[in-house]
Amino acid sequence: MILATLVLPLALLIWLVYRGWPILLVAPLMALLAAGLATDPLLATLTQRFMPAAGGFVIAFMPLFVLGAVFGKVMEATGAAATLAQWIVTRLGSGRALLAVVLSCAVLTYGGVSLFVVAFAVYPLATALFRQANMSERLIPAAIALGSFTFTMSALPGSPAIQNAIPMPYFGTTAFAAPGLGLIAGTIMALGGLTYLSAMARRPGFAVPVAGLGTRTQQDGGLPTLLVAILPIVTVFVVNWILSRHLLPKLDLGYLAAPAWGGVTPDQVIGMWALIGALSLAIVILLALTWHRLDTPRAALSDGSQAALLPLFNTAALVGFGAVVAGLPAFAALSAAITDMPGGVLPSLAASASLLAGLTGSASGGMSIALDTLGPSYLQAAQAQGVDPAALHRIVALATGGLDALPHNGAVVTLLGIAKLTHREAYGPIFVVAVAIPVVALLATLGFATFVGTF
């Protein structure tokens, strides 16, 4: 009965989201259902757990959502995305639109750009590529998901993703922990995902273009040059790197420790500030170079900023649901049970992190909960069993990058919101490339780590 307080609300949430019910209503209602089943006070759950968590997400990520959406909209409206699409098609061939989208997302996320920003920025490029290839838009979210939050998020060594950074202080590792294991898992995810999506693209339901995705000809005679189109994207890379690695760390930011400025350390804000600065400058450069191509620049900016709101608040609502679930006694009991699983420290860590990520709908959330409560004990057990802490790092990162992408995941909801598609229309391929194949990669990596060792 205790598990029902977790399973029933989560199952209903996933089912209702998949059926197209509004997340802004479903997420708080299911959070209240979970609280009611646990006999927690309902109004206090809403105002003291759900709303602070949802509001905290909005406070933390609103600039990225808005700037990312504006950047993507201006790239589309000015024809810059179409220019990049034509160049990529010329180099790779129109039949490789999927590969082009996946590689574009992978390069951006591996370069340190937030997956939310990548989704907004790459979507117009992806639609242009899919027009060229006469492919259905229903595969675009899965292609973006494969490149944005699978192998570059949890597997590739050196990834700047938060999921690859969280384990470092717990296990004394670096972002390059267990590079061999990471490359094995990343290869399985990338090749497996591309093979699956390529097969799906040949199926009748996906090979036939949907209405509105025919080849656009309105701007074909006056698209911006490749240099103009690619300069804003390069700007995001370069400026983000300069600000985060060189300029901002050299500033005197000691005042941030004062309560008036949040009592934070510079490391907690520099990454966000760098992305805000990089995206803002990229938008300014793009507008300056393509202003004459916009009939009403104000409309492009307005449309982009408005497009950010629904994905932002949908994701925030799901974060609120995860916070409520994480505060239930049943959640603590389940966490304790799965961490005591037999089979060694690596399978136990993988199981606990996977289930916690699935319950909260968040890779970073599930990982943080698992490591906050049991990180030291996992490290102690690993040392007793002769397991390299680098293996712990890589396994926990891989484990949270699978079940986290269930239908209630914030990134999934945001991605479908950007594409204006429902779960029923486009979630199936996302599940295969972002849940099923990463789980296979995790199991394969566990086998290598157990029988071959860490490398």
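Predicted model: local features only at pLDDT ≥ 70, side-chain atom pairs only at ≥ 80, totals over all residues.

Let us begin with helix packing. Two packed helices are described by the angle between their axes and by the distance between those axes. For helix α7, residues 140-148, and helix α21, residues 423-451, the angle is about 25° and the axes lie 8 Å apart. Because angles under 35 degrees count as roughly parallel, α7 and α21 are described as roughly parallel to each other. The crossing in which α7 passes α21 is right-handed. On the α7 side the contact is made by Pro141, Ala142, Ala145 and Leu146, and these meet Ala426, Pro429, Ile430 and Val433 of α21. Sorted by class, the contact of α7 with α21 holds eight nonpolar residues, with no polar and no charged ones.

A further pair to find in the view is helix α17, residues 345-360, with helix α19, residues 389-399, which pack at an angle of about 30° with their axes 8 Å apart. From that angle it follows that α17 and α19 are roughly parallel to each other, and their crossing is right-handed. From α17 the contact draws on Val345, Leu346, Leu349, Ala350, Ala353 and Ser354, while α19 contributes Ala391, Leu392, Ile395, Val396 and Ala399. By class, the contact of α17 with α19 comprises 10 nonpolar residues and one polar residue, and no charged residue takes part.

Is Leu67 buried or exposed? Its relative accessibility is 18%, and because buried means under 20%, Leu67 counts as buried. Leaving aside residues up to four places away in sequence, Leu67 touches Ile276, Leu279, Ser280 and Ile283. One of these, Leu279, is 212 residues from Leu67 along the chain, yet the C-alpha atoms of the two are separated by 6.4 Å. Ala77 also has its place in helix α3, but with a relative accessible area of 25% this residue is partly exposed.

A pair of aromatic rings is described by the distance of the centres and the angle of the planes. With ring centres required to lie within 6.5 Å, the count comes to four aromatic pairs. In one of them, the rings of Phe57 and Phe65 have their centres 6.0 Å apart and their planes at 70°, so this pair is edge-to-face. Phe57 and Phe65 are both buried. Elsewhere among the rings, Tyr18, Tyr427 and Phe431 are linked by ring pairs into a cluster.

The last stop is a residue in a loop. Ser159 is found between α8, residues 151-154, and α9, residues 162-165. What is the relative accessibility of Ser159? The value is 3%, so Ser159 counts as buried. Not counting residues up to four places away in sequence, the residues that Ser159 touches are Tyr110, Thr152, Met153, Asn164 and Ala175.

Technical notes:
Residues numbered from 1 in each chain as written. Heavy atoms only, no water. Axes fitted to C-alpha atoms, helices over the stretch in contact; angles between N-to-C directions. Helix = DSSP H or I, 4+ residues; strand = E, 2+ residues; numbered from the N terminus. Parallel < 35°, antiparallel > 145°, perpendicular 65-115°, else oblique. Left-handed = near helix turned anticlockwise from the far one by under 90°. Contact = heavy atoms within 4.5 Å. Nonpolar A, V, L, I, M, F, W, Y, C, P; charged D, E, K, R; others polar. Buried < 20%, exposed > 50% of the residue type's maximum accessible area, 1.4 Å probe, protein only. Phe/Tyr/Trp six-rings, centres within 6.5 Å; stacked < 30°, edge-to-face > 60°.
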